[in-house]
Amino acid sequence: MTWPAIRTILDGAVVTAALAAVSILLSLPLGLLLALLREGRIPGVPALLAAFVSLVRATPFVTLVLFVYFVLPAAGLELEPVPAAIVALTLNTAAFSSEIWRSALVTFPRDQREAAAAFGMSERATFIRIVFPQIWRANLGPLVSEVTILLKCTPAVAVIGVVEITRAAGRIGAETYEPLPPFLVATLIYTALIATLVRGQRVVERRIARRFGLARP
Amino acid sequence: MNGLLVVWESRDVFLWGAANTLSLVLGCLLLSIPIGILGAVVLTEAPDPLRRLFAEAVDLLRCVPFLLLAYVVYYGLPELGLRLDPWWAGLMSLTVYTTAYLAEIFRAAFRAVAPDNIEAAHAFGLSRSLIYRRIILPQVAITAAPVIGNQVITTIRDSALLMIITVQELTFAANFVSANHFTPFAPFAAAVGLYLLMSFVVEAGVRRMERVRKGRYG
């Protein structure tokens, strides 16, 4: 493989990383919001969200991407490939991470909530000061796994024409009639990205352990 | 309601797609569950260098996006002189990928079997293979059912990526119909509906195992 070809794939890697970063920043808070709404008391909302989560859980990610890209315009919402990819990634990861957040909320020790209430803390303050700082630390592992799954989903957005790593590799393969080398390079880049994330998780976990003792509440 | 009509008229395409998805997933499970169990046995029993090598290979596979693995298998095998049509290349990559995850799932499930069960089996002089067959695996089949169910749903989801290497599975069918008739909503909704149906079947199976577990272990 020539140097310009590798450059093209690396440009794709920047797109993949940016897509993943934006979708992570959108989907993890959205997942938390979904979890809070699902545990909330607004009638009808929990059932609706449960249906949404099982729908996304059963739908393959490529199908979701194609759905967002081809069906939303029919409903009057025209999206360029990159925003469509971000919407699909965000919906997918928000649905999956909402289950992680929800199980953390459900299993949160009741006595801590009661103690906070006894001190006259509002529900909001309890969540911000007591619950949230503990649940994100305790669920770092599952959340990072979700993020690695998000990264592993990103090649699917190549079908709607986003030029990220996989699409770039495909182009080079089509130009040189040798598809294998670019795809091997692409695989290596993905592996490096994901391995870096997992390594980062270990570092953060060690820091948490040093500062707060065990990483679990 | 034009879209529904289109879906109904191209039902052959959808059924063919669904049949391909099902045959891929079932074929993959038939291969990867036994191989995954064997892999988990290696991961728990093998002497250190071999075990370490295996663990690294499994971790590496779990870092690779499935689509890339499918591409590498699809384009790599011809270089090795093995020409496969897309369906077989798809089955192979799906099986390799799922096996890595299942091996990890089974390994965790083996470790969760109560040690006194295994000690008791040793005390009765059961051989290693008999311990696996009679003591460990029956418990694992029940306790790991939810996790395995999740993995099966993931495999169904992953199989859709094979449309990109031109396997004519369900998403391929939906895309094909939607592109030919310019009606995106109904074909994709039909595909999603069929995927939902498959995942309901898997979830029903898991619930059934759950009932068995409750009946046996309370």
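Colleague: Which hand does the crossing of H3(A) and H10(B) have?
Modeller: This is a predicted model, in which local features need pLDDT of at least 70, side-chain atom pairs count only at pLDDT 80 or more, and totals for chains, interfaces and linings use all residues. Residues are numbered from 1 along each chain as its sequence is written, while chains are lettered from A and ligands numbered from 1 in the order in which they are written. A crossing counts as left-handed if the near helix is turned anticlockwise from the far one by less than a right angle, and as right-handed if clockwise. The crossing of H3(A) and H10(B) is left-handed.

Colleague: How do H3(A) and H10(B) lie to each other?
Modeller: Helices (H or I, at least four residues) and strands (E, at least two) are DSSP runs, numbered from the N terminus. H3(A) and H10(B), residues 185-217 of chain B, pack at about 155 degrees with axes 10 Å apart; axes are lines fitted to C-alpha atoms, for helices over the stretch in contact, and angles run from 0 to 180 degrees between N-to-C directions. Angles under 35 degrees count as roughly parallel, over 145 as roughly antiparallel, 65 to 115 as roughly perpendicular and the rest as oblique. The two helices H3(A) and H10(B) are therefore roughly antiparallel.

Colleague: How many nonpolar residues does the contact of H3(A) with H10(B) have?
Modeller: Two residues are in contact if their C-beta atoms, placed from the backbone, lie within 7 Å. On H3(A) the residues are A:Thr63, A:Leu66, A:Phe67, A:Phe70 and A:Val71, and they meet B:Phe185, B:Phe188, B:Ala191, B:Val192 and B:Tyr195 on H10(B). Ala, Val, Leu, Ile, Met, Phe, Trp, Tyr, Cys and Pro count as nonpolar, Asp, Glu, Lys and Arg as charged, and the others, Gly among them, as polar. With one polar and no charged residues, the nonpolar count in this contact is nine.

Colleague: Which helix gives the most to the side of chain A that touches chain B?
Modeller: In chain A, 28 residues are in contact with 30 residues of chain B. H2 (45-58), H3 (61-71) and H9 (180-212) of chain A each supply at least two residues of that side. With nine residues, the helix that gives the most is H9(A).

Colleague: How do H1(A) and H2(A) lie to each other?
Modeller: H1(A), residues 3-39, packs against H2(A) with axes 7 Å apart and an angle of about 135 degrees. H1(A) and H2(A) are therefore oblique.

Colleague: How many charged residues does the contact of H1(A) with H2(A) have?
Modeller: H1(A) brings A:Leu34, A:Leu37 and A:Arg38, and H2(A) brings A:Val45, A:Pro46, A:Leu49 and A:Ala50. Beside six nonpolar and no polar residues, the charged count is one.

Colleague: How many helices are there in chain B?
Modeller: Chain A comes to nine helices and zero strands. Chain B also has zero strands, and its helices number 10.

Colleague: What share of the residues in chain B is buried?
Modeller: A residue is buried if 20 or more other C-beta atoms lie within 10 Å of its own, exposed if 12 or fewer, and partly exposed in between, with C-beta atoms placed from the backbone. Of the 217 residues in chain A, 38% are buried. For the 218 residues in chain B, the buried share is 39%.

Colleague: What box do the C-alpha atoms of chain B fill?
Modeller: Along the principal axes, the C-alpha atoms of chain A fill a box of roughly 70 × 45 × 25 Å. For chain B the box, taken along the principal axes, is roughly 70 × 50 × 20 Å.
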